[in-house]
Amino acid sequence: MLPTLLLSLLLALGMSGCSAIKITYNNAPELSYWWLDSYLDFGEAQSLQVRSDLSVLQAWHRQSELPAYASTLEKLQRMAPSSVTPEQVCSLFADLKSRFQTVLDQTESASVALAPTLKAEQLDHLARQFDKRNQKWRGEWQDGTPTERSARRLKQLTDRAEMFYGRLEEPQLAVLRASLAVSAFDASLSYREAVRRQQDTLQTLRRLQTGTPTDIRTRVEVRTLLGRLINSPDATYRNYAEKMNQENCRTFSTLHNSTTSAQRLKVIETLRDYEADVRALMAAGR
């Protein structure tokens, strides 16, 4: 539970503007703690342990992972002036997935320590928080007319792209609209998988509240749960996820290839700023 919630937060924080990266990263343990606490309502002993674990995770991440991020940002700057292929984009996505898995693996011991200490009322609280999140997600992606849902997706994609390229012009907006018109995105299937993950998490944690917990049993349960969260046992969803991955690679490459020289200069400047912030964070930890 700890790693999946934490990583969701860290990924969200990673989308912050360049000027906010250093502040956000330096405060990530505290921000992460409060976010996790909203889901699990920690007791005093749990709070002390989770805060300690998050600080240790950040120190490891600063030393071991930030150099890889800086290298990736350098690579992206070299690629930005030229056109790119879907295969190149998918390779970058695979690298990011590998980094995600590395951080996930690093959180296993903390999760093993935390899981058996969770009380029934905390898991009930977690279930209610999942329900709230699901209600919000349905409102954003399943309610409303198809036209309204498509408009929300277009705005989301546009906002993310403009963080790097600056204001999109009609050729780039046309790329996004064309992609959405033929997209394989299936809100119902995505929602079904989200609920499956939540129920799997709750069931696993509740099993660990029964019997005599052992480190080996807990580690096996946590490790296999994390495996199912990353690689769904649902073949239909796995095929869908791969289809969406390929679609995203094609969309991003087509979008980038439609940009002007000024927009590519803007993305280089943005990436350079990100790299400078990452290297400053690396130096601060020495």
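Cys90 is buried, with a relative accessible area of 16%. Buried means under 20% relative accessible area, exposed means over 50%, and partly exposed lies in between (1.4 Å probe, protein chains only). This is a predicted model, in which local features need pLDDT of at least 70, side-chain atom pairs count only at pLDDT 80 or more, and totals for chains, interfaces and linings use all residues. Residues are numbered from 1 along each chain as its sequence is written, and side-chain values use heavy atoms, with hydrogens and water left out.

Which residue is the disulfide partner of Cys90? The partner is Cys249, and the two sulfur atoms lie 2.1 Å apart. The link joins distant parts of the chain: Cys90 sits in helix 6 (residues 86–106), Cys249 in helix 13 (residues 235–257), and 159 residues separate them. Helices here are DSSP runs (H or I, at least four residues), numbered from the N terminus. A disulfide is a covalent bond between the sulfur atoms of two cysteines. To be counted here, the sulfur atoms must be within 2.5 Å.

Now turn to charge. Side chains of opposite charge can pair when their charged atoms come close. A salt bridge needs a side-chain nitrogen of Lys or Arg within 4 Å of a carboxyl oxygen of Asp or Glu. The structure holds 17 of them.

Start with Asp124 and Arg206, which meet at 3.1 Å, N to O. This pair also links distant parts of the chain: Asp124 is in helix 8 (residues 120–141), Arg206 is in helix 11 (residues 187–207), and they are 82 residues apart.

Asp234 lies in the loop between helix 12 (215–230) and helix 13, 42 residues from Arg192. Arg192 is partly exposed, with a relative accessible area of 44%.

Last, look within helix 11. Arg196 and Asp200 pair there at 3.4 Å, N to O. They are four residues apart, about one turn of the helix. Both are buried. Shared partners join Glu193, Arg196, Arg197, Asp200 and Arg228 into one network of salt bridges.

How values were computed: Helix = DSSP H or I, 4+ residues; strand = E, 2+ residues; numbered from the N terminus.
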